[in-house]
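The sequence and structure are shown first.

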Amino acid sequence: MTAPKRHGDLALLRRLLGQARSCRVPIGGLFLLSLLWTPLALLAPLPLKIAVDSVIGSRPLPGFLDALLPESATGSRAAVLALAAGLVLAVALLNEILQILESVLREYAGGKLILNLSAQLFRHAQRLSLSYHDSKGVTDSTYRIHYDAPAIQWIVIDGLLPIVTAVFTLAGMAYVTAKINLQLAVVAMAVAPIMFLIAQVFGGRLRNQWHKVHEIDQSALSIVQEALSAVRVVKAFGQEDREARRYVRHSGESIRQNVRIALIEGGFTLLIGLTVAAGTASVLLIGVRLVLSGALTLGDLLLVMGYLSQLYDPLDTLSNSKANLQGSLASAERAFSLLDETPDVIEQPDARPLAHASGTMAFHAVSFAYREDHPVLHDISFEIDSGTRLGISGTTGAGKTTLVSLLTRFYDPTAGQILLDGLDLRDYKLVDLRSQFAIVLQEPVLFSTTIAENIAYARPGANKRKIVEAAKAANAHEFIMALPRGYEEQVGERGMSLSGGERQRISLARAFLKDAPILILD
């Protein structure tokens, strides 16, 4: 499996922010709400200081409160105590309101981010050449669309916004702590460089480990998808237990890899915790000495200690984000590596439109190989006039289906030319070219919807009369009408509620309804 292209953190974040522009309004709302957490965090320890210094003690209220409040609210100890209790309730109420608003905006913005990226991945995956899907397998794209795309929410909403909030909170807490006592603020902030260094060391290791987890999980999902898609073959050869053992083996490796990650994260958390504890102990030791010497009040020390936990919370967020985001950044790299894939079959800038081909085709010295060491066609030349019915026979693996794939430009020849109405296929617009062919594949492909919608897949705007005419031409109308719901009957996943012959006739009806100039029966 090809490893995804590795990006630096800043380059990856810039690309993610570019993706997030479509949701800038709800994300901006979340950002504004996040800024309100800083003043609330600053207010949270204030009631305790008021109670200790101005109710139990005899110190005046903080200056800004004394100036804002009337004398009736500050004239007695009972009034000041009521003020402190009221502040506790007010801060709690504002916290709850902010959490509700933030939760609603978070769900909306996160859902939109995931939908936009996964839809973009899905559209791009469908445009990629068959050679890409042949080499990677369907599970690779499925995993990236369904499991890697949500990383944009985890990074932008759950990662970057908390970091921005943490920066503002850190600045506010550091400023207020310094105003109370500069020495304690300097001691408290001394641990910051140590925490960031620890995060830098652990971040790279975690990113590599998360890439391995995603690759292992994708392999396990591939086993499930393959076994259930080919369940008839599995049952026919009695290999159910073998497939289950394959799945357990791969999933077991995923568990072991996740345990390694848990150990690395545990070591990281231990070092961060010890660093925070060392900072807290240092502030407590120096703060108590300052109180005993009369340089600091007990209320101020309690206020600093209250702020200290909130000072270290943003520091912890900033350092943890470097490590905790590595799994999401690994997923984002995988998602972007799919977007960075370019199709092998490319439409030329000056490609010609094609409304309706006459149907004259020619192969001139055409060769093709799926891989350099696996040639399929070599120097094939023949011509087909318009209106001709041609049957091509050959042994299995001789390249009959490959000829069909080359005609519709699912692949391009490795040598030679294929002409339609005298022009190289590569000179036409892809959509116009493929609209000239109606194809019935060797293995009929139906979608899990109604029979009518499956027939109309070639022409979505077709009315019921046209659908019925196509079904009659394919000798399918009689068996369709015998079904309980007729044309509205659901065919099940991949049409498996129908017999092989019935699926084939519905595929024929779909091709007849398209009414393309060239009909190919593979």
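## Aromatic pairs in a predicted model

Tyrosine 143 and tyrosine 147 lie about one helical turn apart, because four residues separate them in helix H7 (residues 138-148). Helices (H or I, at least four residues) and strands (E, at least two) are DSSP runs, numbered from the N terminus. Tyrosine 143 is buried at 6% relative accessible area, whereas tyrosine 147 is partly exposed at 39%; buried means under 20%, exposed over 50% and partly exposed in between (1.4 Å probe, protein chains only).

The model is predicted, so local features need pLDDT of at least 70, side-chain atom pairs count only at pLDDT 80 or more, and totals for chains, interfaces and linings use all residues. Residues are numbered from 1 along each chain as its sequence is written, and side-chain values use heavy atoms, with hydrogens and water left out.

The whole structure holds six aromatic pairs (Phe, Tyr or Trp rings, the six-membered one for Trp, with centres within 6.5 Å; planes under 30 degrees apart are stacked, over 60 edge-to-face, the rest tilted). Two of them are tabulated.

| Pair | Centre to centre | Angle between planes | Class |
|---|---|---|---|
| Tyrosine 143 and tyrosine 147 | 4.9 Å | 35 degrees | tilted |
| Phenylalanine 368 and tyrosine 411 | 5.4 Å | 50 degrees | tilted |

The pair of phenylalanine 368, in strand E1 (residues 361-371), and tyrosine 411, in the loop between helix H15 (400-407) and E3, links distant parts of the chain, 43 residues apart. Both residues are buried. Phe368, Tyr370 and Tyr411 form one aromatic cluster.
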